[in-house]
Amino acid sequence: MIIYALIQEEQSISPTARIILLLAFFLGIGFIIISRFYTFFEQLHAKKHRKPFFRAFPFFRRKLDASQKRVLDREFTFYQKLNDKQKLLFEHRVASFINDKTFVGRDNLTVDGKMKVLIASTAVMLTFGYRDYIIKIISTIIIYPEAFYSNTNRELHKGEFNPHLGVLALSWKDFVEGYDISNDNLNLGVHEFAHAIHLESIHRPGINAIIFSESFIELTEYLDRHEGVKDKLIASRYFREYAYTNQYEFVAVVIENFIETPLEFRQQFPVVFKSVKQMLNFQL
């Protein structure tokens, strides 16, 4: 009876509809095959050149309101250095990042538009060289007025990232201080988002992961082969001692230095600087 019903249903479809259905079927199969080939060749390209085929192609652009844009114009140096086209892309990404995350204030802190823009801008700055810039491993950003008690090790923290919960926590006081002093290589926002980008490269495969991880592997192999450079890194005290705690802190600290004092970084350690630039596909 079921076979008979199927035959009857097929016979009820007109020849034109049948052709349309077949075309849709083969177009769907073709799209899947092409997308698989595209992904494969882009991954090869990323391994070789440390960048995606293209960085940005938004079909529509989200816009910031006037007050949000004023925050960027007045307070975010990276944005101020962009050309007009790059600024539009940056604004779109900041707006999209804000829309994608849940911002939560703790200890009676009210989260306002300025906080969201500056925090989102920090993330977008670090991922500006990527096509996928949202940092999907983060779902919630918790903002405390100042250093907060952490259940992780029962100590006060200025910031922390929990990849299992998708939560990034920040002390607003220390976040702001990170930008108030722009050349001390201490930037809480950059440090914590660098952790998130690093962990996402481990747990979420994709073009970003290839670019970041392959460049980091190259860097670690270079340092292992050149003990003298490693010794010079430590002796220079250019990177604070916390960088040598483990590989995660090393990555976060060198990215802080890369953002805050790039000229000094490049002058002292050009090979390390180049590796960090590759890790972020940094274009500026």
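Visitor: What percentage of the 284 residues of the protein chain count as buried, and where do α11 and α13 meet?

Guide: This is a predicted model, in which local features need pLDDT of at least 70 and side-chain atom pairs count only at pLDDT 80 or more, while totals for chains, interfaces and linings use all residues. Residues are numbered from 1 along each chain as its sequence is written, and side-chain values use heavy atoms, with hydrogens and water left out. Of the 284 residues in the protein chain, 44% count as buried (under 20% relative accessible area, 1.4 Å probe, protein chains only). The chain holds 13 helices and six strands (DSSP runs of H or I over at least four residues, and of E over at least two). Among its contacts (heavy atoms within 4.5 Å) with a separation of 6 or more, 70% join residues 24 or more positions apart.

Turning to the part you asked about, helix α11 spans residues 247-260 and helix α13 residues 270-280, and their axes (lines fitted to C-alpha atoms over the stretch in contact, with angles from 0 to 180 degrees between N-to-C directions) come within 10 Å and cross at roughly 100°. The two helices are therefore roughly perpendicular to each other (65 to 115 degrees). From α11, Val-251, Val-254, Ile-255 and Phe-258 meet Phe-273, Val-276, Lys-277, Met-279 and Leu-280 of α13. These contact residues divide into eight nonpolar, no polar and one charged, where Val, Ile, Phe, Met and Leu are among those counted as nonpolar and Lys among the charged.

Conventions. Parallel < 35°, antiparallel > 145°, perpendicular 65-115°, else oblique. Buried < 20%, exposed > 50% of the residue type's maximum accessible area, 1.4 Å probe, protein only.
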